[in-house]
Amino acid sequence: MSAPAVLLLMTLLFLVFGYMGVPVTFALIGGVLVATLFTPISMQSMVGQLFHGIDSETLLAVPFFLLVGELMASSDVATRMIRLSQTLVGHLRGGLAQVVTLFSMFFAGISGSSVADVAVLSRTIAHDMAKEGYDRAFTAALIASASTMANLIPPSIMAVVYGATGDVSIGGLFLAGVVPGVLIGIGLMVYSYFFGPTGVMKKRAPFTEVVVAARGSALPLVIPVIIMGGILSGWFTPTEAGMIAAVYILIVLIPALNRGHVKELPRDFMYAGLLYSLPLGAVAGASAFGWMVAFLRGPDIVAGYITAFAGNDGTIIMLLLVAMFVIVGDFIDAVPAIIIFMPIIRKLAEVGNINSLHMGVVIITTLVFGLITPPYGLSLLVASKYVGVGFGKAVVRSLPLYIVFLLTIMFTVAFPKVVLWLPKQLLPESVGCFKAPSSTGYICPP
Amino acid sequence: MADFRALVLQRHRQLKWKALDKVEAVLMVLCGVCIAMFTLSALLDVVTRTLGVPWLWLQQVTTAFFAWGVFVGMAAATRRNDHFYLTEITKRMTGAPRSAIEIVNRLIVLVVAVALVWFGWKNALLDLGSFRMPSLIPLTVYTAIVPAAGVLVALFTIEQLVNGWKNGFEGPEDRDEIRETLL
């Protein structure tokens with residue numbers, strides 16, 4: 001059987017198994033094992049690849065950022081940040097909708113997990129939104145859309161996985177995610193202000209109330225400083241920064257702000273232990289899948305199709321990749337998608353002479369959009385379940401919000417200088433700059 | 001609604017043998033132990049490095065607990081039906097078509113699990129001759145978890161196949177979930 005035919009068979013089997021209801025991890029492994037029968041590769045080495053796929057110190061950051069999200073969500077410490085958001089933007093039109101978005105921006109700086117964000121908001125503010133007359137479908141759509149910022153504003157689990165598998169600076173990806181993350185936040189706030197439900201209009205909170213709420217949130221808001229400060233100063237790797245943030249929550253935050261939660265910690269750890277195994281099990285399967293894609297020269301085949309249309313034009317290649325990942329993100333979870341398609345992404349970045357960090361942030365922003373698009377919009381699925389509204393209705397209410405995401409993706413593609421400005425200032429090596437031999441400055445590519 | 005954080009998940013009870021509840025509970029505890037241990041070892045790694053007396057073997061302890069955690073969690077998630085799914089189409093089905101698809105799905109998982117056991121075991125034996133530097137721990141210490149997880153996944157899949165065949169795959173929570181989705 002020819003390589004493209006094996007590639008097609010493997011992909012089809014994965015999709016057929018997956019859509020029949022086989023768990024993603026086993027659907028991926030099943031597809032790879034069948035494909036292996038048509039290649040000279042031994043089954044033993046493909047099973048070995050499952051282990052090698054997760055045998056990476058960098059991927060350790062994933063459980064740490066999930067643990068941080070889980071601890072923040074279960075200990076109710078995050079409600080203090082909701083209070084702060086309420087004092088800052090609760091008086092605007094669509095007050096609670098604005099609170100959802102602002103809180104998500106704060107929470108995104110602490111947790112790398114969109115699902116943790118959805119869990120916190122659904123348990124707390126969704127009930128208040130229902131009381132104020134926001135329709136449930138809008139609430140679910142907004143919570144899910146806002147939660148996607150957790151994967152853009154640092155720390156981000158997608159950035160960790162992308163950096164670890166694509167050999168791209170994770171610190172650089174964290175910083176490059178800030179612009180699209182903030183753009184999505186602003187876009188959602190603008191939409192809620194002009195087009196969302198009005199809610200109950202409230203008076204602006206007095207300054208003293210803002211100060212009290214800010215003081216109450218001060219300890220949780222130290223976490224982004226620990227994470228990014230540690231990484232940028234070179235004290236910690238992203239993995240260690242995640243660990244330090246988790247330890248900070250355990251020994252400072254919970255004892256200081258919710259001492260009663262200490263007895264629940266064993267349960268938090270057990271559940272976080274289970275939670276991190278889910279994406280990383282998929283990573284193990286996807287890494288074997290990605291390895292096979294590379295072995296079968298999938299990158300050359302796809303690159304051939306794309307360059308036949310786009311030539312070597314980096315922008316057109318990127319737009320075609322965006323189109324491809326909008327479709328991929330509709331059907332496959334982002335983490336396995338990154339790993340499966342990484343050989344193709346790298347090949348196309350090389351062909352189009354695209355900065356690897358720019359390519360990374362474009363792909364992540366596109367995959368983040370997949371979290372709210374059917375049929376596999378994980379954040380929207382979870383939000384609609386928690387809020388108690390049909391997925392179909394939540395999808396309909398999400399449609400106008402898609403414009404915010406599409407505009408953000410287009411901005412990220414079209415303005416690399418703006419997107420890469422922050423990493424260029426703070427982590428110049430991450431965008432390809434190198435130290436000038438004769439001075440203290442950096443020489444950067446144009 | 002089921003308590004998703006419970007040690008033994010009560011969802012899809014009709015697919016479970018009581019005898020294996022303890023295994024699920026032990027696996028959940030192991031999930032917690034793994035994440036707690038690699039958090040601790042990563043912390044000690046930073047502390048000892050900062051103090052100028054790095055314990056190099058700590059990184060290997062960290063990665064070992066991390067990898068074990070992934071595969072232990074994979075096994076636990078199989079019994080709890082907690083894995084990521086592309087779709088939960090079967091939950092909307094009833095009767096014979098549902099049983100047929102559920103059985104086929106589990107047979108696919110079973111075949112994968114058997115492959116993990118057989119080829120994972122061969123790898124683990126081969127890895128007895130490979131060592132991690134600087135601690136000289138045999139690589140088998142890490143990779144043996146693959147066939148072990150395969151055994152557990154196979155066991156839980158057989159449990160679900162047998163009980164699903166006897167009691168049906170549909171549970172009351174499926175109806176609740178469909179109702180929630182349609183509301």
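**Exercise 1.** What volume does the second largest cavity have? Work it out, then describe its lining.

*Solution.* First, the ground rules: this is a predicted model, where local features need pLDDT of at least 70, side-chain atom pairs count only at pLDDT 80 or more, and totals for chains, interfaces and linings use all residues. Residues are numbered from 1 along each chain as its sequence is written, chains are lettered from A and ligands numbered from 1 in the order in which they are written, and side-chain values use heavy atoms, with hydrogens and water left out.

Step 1: take a 1 Å grid over the protein atoms alone; a cavity is a set of points where a 1.4 Å probe fits but cannot get out, a pocket is an open set with protein on both sides within 12 Å along at least five of seven lines, and lining residues have an atom within 4 Å of a point.

Step 2: fill the points with probe spheres, and the second largest cavity comes out at about 50 Å³.

Step 3: read off the lining, which includes Asp333(A), Tyr376(A) and Leu378(A). By class, that's 6 nonpolar, 2 polar and 1 charged (Ala, Val, Leu, Ile, Met, Phe, Trp, Tyr, Cys and Pro are nonpolar; Asp, Glu, Lys and Arg charged; the others, Gly among them, polar).

**Exercise 2.** Find which helix gives the largest share of the lining of the second largest pocket.

*Solution.* Step 1: the pocket's volume is about 570 Å³. Of its 21 lining residues, the closest to the centre are Leu7(A), Thr11(A), Val302(A), Phe341(A) and Ile344(A).

Step 1: sort the lining by helix (a DSSP run of H or I, at least four residues, numbered from the N terminus). The largest share, 7 residues, belongs to α1(A).

**Exercise 3.** Classify the ring pair Trp291(A) and Phe295(A).

*Solution.* Step 1: rings of Phe, Tyr and Trp (its six-membered ring) pair if their centres lie within 6.5 Å; planes under 30 degrees apart are stacked, over 60 edge-to-face, and the rest tilted. The structure holds 19 such pairs over all chains.

Step 1: here the centres are 5.7 Å apart with 5° between the planes, so the pair is stacked.

Methods:
Helix = DSSP H or I, 4+ residues; strand = E, 2+ residues; numbered from the N terminus.
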